[in-house]
Amino acid sequence: MAKPLMAKATAVWLVDNTTISFKQIADFVGMHELEVQGIADGDVAAGVKGFDPIANNQLTQDEIDTAQNNPLYKLKLKFNPAASGEEKRRGPRYTPLSKRQDRPNSILWLVKFHPELSDGQIAKLVGTTKPTIQSIRERTHWNISNMQPIDPVALGLCKQSELDAIVQKAAAKKAAEGGVMSDDERRKLVSTEQSLEMDSAPKIPTAIEGLETFSLSDEPEEKEDDDVIVDADSFFNLPNDGGSEEDDDDKRP
């Protein structure tokens with residue numbers, strides 16, 4: 001469903017000027033219900049000026065009245081011909097100024113854990129340029145010594161669904177080319193949920209099982225003789241000095 005322009009500012013206006021529930025506002029602007037509640041408590045969007053959706057041709061008063069009378073009603077965005085096709089705009093992804101300093105760390109993470117992704121895919125995913133990606137691949141970036149690989153999803157530079165879609169596309173391309181993937185490469189090409197279900201270590205093929213104990217030495221290993229049975233009484237019977245019991249009797253006075 002299409003979302004209104006300036007979603008957070010629109011939510012601020014709806015919280016301040018209507019009695020619509022937090023759930024209805026959250027569904028309309030694409031935010032979490034607790035975030036909308038934080039706006040009402042003053043903990044979120046402090047200082048943000050409300051954006052009137054009626055004056056900006058995004059909602060009608062009848063739509064707001066219906067939502068106020070029915071807590072289960074979902075607000076519908078008013079159709080705006082000028083915004084038609086806005087979501088399909090081509091071009092680089094816009095990255096907020098507060099997150100641009102974290103972009104090299106996300107590129108390093110993608111290069112390290114998803115080397116199958118092309119420079120164009122990474123540039124489209126996090127909104128960067130190919131020369132920057134190439135410098136990080138070759139470790140010639142001016143700040144490479146201070147960079148740490150961080151998941152771009154955790155940094156808020158892209159969505160998990162977008163990352164999974166590109167990874168799955170790389171997997172399909174790899175399979176179409178007929179390349180043979182190792183276990184490590186296969187883990188990188190699947191989504192996060194699927195990779196957690198896989199074995200932590202690759203299994204040894206059945207054709208080479210047992211070869212890990214194979215030795216090139218010609219000398220056979222000596223086995224300990226486990227068949228020798230030792231009598232407990234033998235530890236207490238000391239050997240004689242070479243004479244018999246009869247010799248001992250003859251020496252007695």
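Buried, in this briefing, means under 20% relative accessible area, exposed means over 50%, and partly exposed covers what lies in between, computed with a 1.4 Å probe on protein chains only. The structure is a predicted model, in which local features need pLDDT of at least 70 and side-chain atom pairs count only at pLDDT 80 or more, while totals for chains, interfaces and linings use all residues. Residues are numbered from 1 along each chain as its sequence is written, and side-chain values use heavy atoms, with hydrogens and water left out. The protein holds 12 helices and 0 strands, where helices (H or I, at least four residues) and strands (E, at least two) are DSSP runs numbered from the N terminus. Of its 253 residues, 27% are buried, and the order of elements along the sequence reads α-α-α-α-α-α-α-α-α-α-α-α.

**Loop residues with positive phi**

- Most residues other than glycine have a negative phi, and most peptide bonds are trans.
- N57, which is not a glycine, has a positive phi of about 60°; the residue is found in the loop between α3 and α4 (61-69), and with a relative accessibility of 31% N57 counts as partly exposed.
- R139 is likewise not a glycine and has a positive phi of about 55°; R139 lies in the loop between α7 and α8 (152-155), and its relative accessible area of 54% makes it exposed.

**Salt bridges**

- The whole structure contains 3 salt bridges, a salt bridge being a side-chain nitrogen of Lys or Arg within 4 Å of a carboxyl oxygen of Asp or Glu.
- One of them joins E35 and K8, whose closest N and O atoms are 3.9 Å apart; because E35 lies in helix α3 (residues 33-41) and K8 in helix α1 (residues 7-17), the pair ties together parts that are 27 residues apart in sequence.
- E35 is partly exposed, at 29% relative accessibility, and K8 is partly exposed as well, with a relative accessible area of 37%.
- Another salt bridge links the side chains of D119 and R137, with the closest N and O atoms 2.8 Å apart; since D119 belongs to helix α6 (residues 119-126) and R137 to helix α7 (residues 130-137), this pair ties together parts that are 18 residues apart in sequence.
- D119 counts as buried, at 18% relative accessibility, whereas R137 counts as partly exposed, at 28%.
- K23 and D27 also meet through their side chains in a salt bridge, at 2.8 Å from N to O; both residues are in helix α2 (residues 22-29), and being 4 residues apart they are separated by about one helical turn.
- K23 is partly exposed, at 43% relative accessibility, and D27 is partly exposed, at 27%.
- An α-helix has 3.6 residues a turn, so residues three or four places apart point the same way.

**Helices α1 and α3**

- The helices α1 and α3 pack at an angle of about 60°, and their axes are 10 Å apart; axes here are lines fitted to C-alpha atoms, for helices over the stretch in contact, and angles run from 0 to 180 degrees between N-to-C directions.
- The two helices α1 and α3 are therefore oblique to each other, given that angles under 35 degrees count as roughly parallel, over 145 as roughly antiparallel, 65 to 115 as roughly perpendicular and the rest as oblique.
- The crossing of α1 and α3 is right-handed, which is the case if the near helix is turned clockwise from the far one by less than a right angle, and left-handed if anticlockwise.
- Within α3, the residues V36, G38 and I39 are buried; they cover an arc of only 155° around the axis, which puts them on the same side of α3, the arc being that of the directions from the helix axis to the C-beta atoms.
- L34 and D41 are exposed on the other side of α3.

**Helix α9**

- The buried residues of α9 are L163, D164, I166, V167, A170 and A171; viewed down the axis of α9, these buried residues fall within an arc of 165°, so they line one face of the helix.
- The face of α9 turned away from its buried side carries the exposed residues S161, K169, K173, A175 and A176.
- Helix α9 (residues 160-176) has 17 residues and at 1.5 Å a residue should span 24 Å, which agrees with its end C-alpha atoms being 24 Å apart; the expected span is 1.5 Å times one less than the number of residues in the helix.
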